[in-house]
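Please open the model in your viewer and colour it by confidence before taking the stops below in order.

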Amino acid sequence: FTAVCNGYLDGTEPKICTECGGCSEFDQCIAKKKCKSKGGGGVSTHMFMSSILFICLLFGGAAFWHYRKSREEMREQVRGILAEYMPLEGDDGQVGSPMDFARRGGTENLMMS
């Protein structure tokens, strides 16, 4: 059917060729002179854009989670390093854990005046 219709020059083909040119079921189209299922059954624009948006949100969420996790791990490493170098004895002579300074967030002055 397509080969026969392609043999005509543009504008000279019969109406049935223009009606059933892109139809997936040629026999029914020729019999009824109208195509019911024109097109390739592709994805709608709305569904395509929704899928792209969902994928972007998914990757954005994964990137944000990874950023937060990396930042927290870095803070824990810095706290550990600070705890190793801080003195075990405080100003009042009380011996405390090296992690106490790191847990307080380093609010004490490290320089002696």
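This is a predicted model: local features need pLDDT of at least 70, side-chain atom pairs count only at pLDDT 80 or more; totals for chains, interfaces and linings use all residues.

Residues are numbered from 1 along each chain as its sequence is written, and side-chain values use heavy atoms, with hydrogens and water left out.

**Whole chain.** Begin with the chain in cartoon view, where you will find five helices and zero strands, arranged along the sequence as α-α-α-α-α; helices (H or I, at least four residues) and strands (E, at least two) are DSSP runs, numbered from the N terminus. The mean pLDDT, which is the predictor's confidence in each residue on a scale from 0 to 100, is 77 for the chain, and 70% of its residues reach 70 or more. Select α4 to see where confidence is highest, at a mean of 94, and then helix α5 (residues 99-103), where confidence is lowest, at 59. Of the 113 residues in the chain, 9% are buried, where buried means under 20% relative accessible area, exposed over 50%, and partly exposed in between (1.4 Å probe, protein chains only).

Next select C35, which sits in the loop between α3 (26-32) and α4. Is C35 buried or exposed? C35 counts as buried because its relative accessible area is 14%. Leaving aside neighbours within four places in sequence, show E19, C23 and C29, with which C35 is in contact, contact meaning heavy atoms within 4.5 Å.

**The salt bridge.** Move to E76 and R79, both in helix α4, three residues apart or about one turn of the helix. Their side chains meet in a salt bridge (3.2 Å, N to O), defined as a side-chain nitrogen of Lys or Arg within 4 Å of a carboxyl oxygen of Asp or Glu. The structure holds one salt bridge. E76 is partly exposed at 41% relative accessible area, and R79 is partly exposed at 30%.

**The nonpolar patch.** Finally, select V43, M47, F48, M49 and I52, which make a nonpolar surface patch of about 510 Å². Within this group, M49 lies in helix α4 (residues 45-85) and counts as partly exposed because its relative accessibility is 48%. Patches are made of residues with over 30% relative accessible area and no salt bridge, with like charges joined within 9 Å and nonpolar side chains (Val, Leu, Ile, Met, Phe, Trp, Tyr) within 5 Å.

Terms used:
Accessible areas come from the Shrake-Rupley method with a 1.4 Å probe; for residues, only the protein chains shown count as cover.
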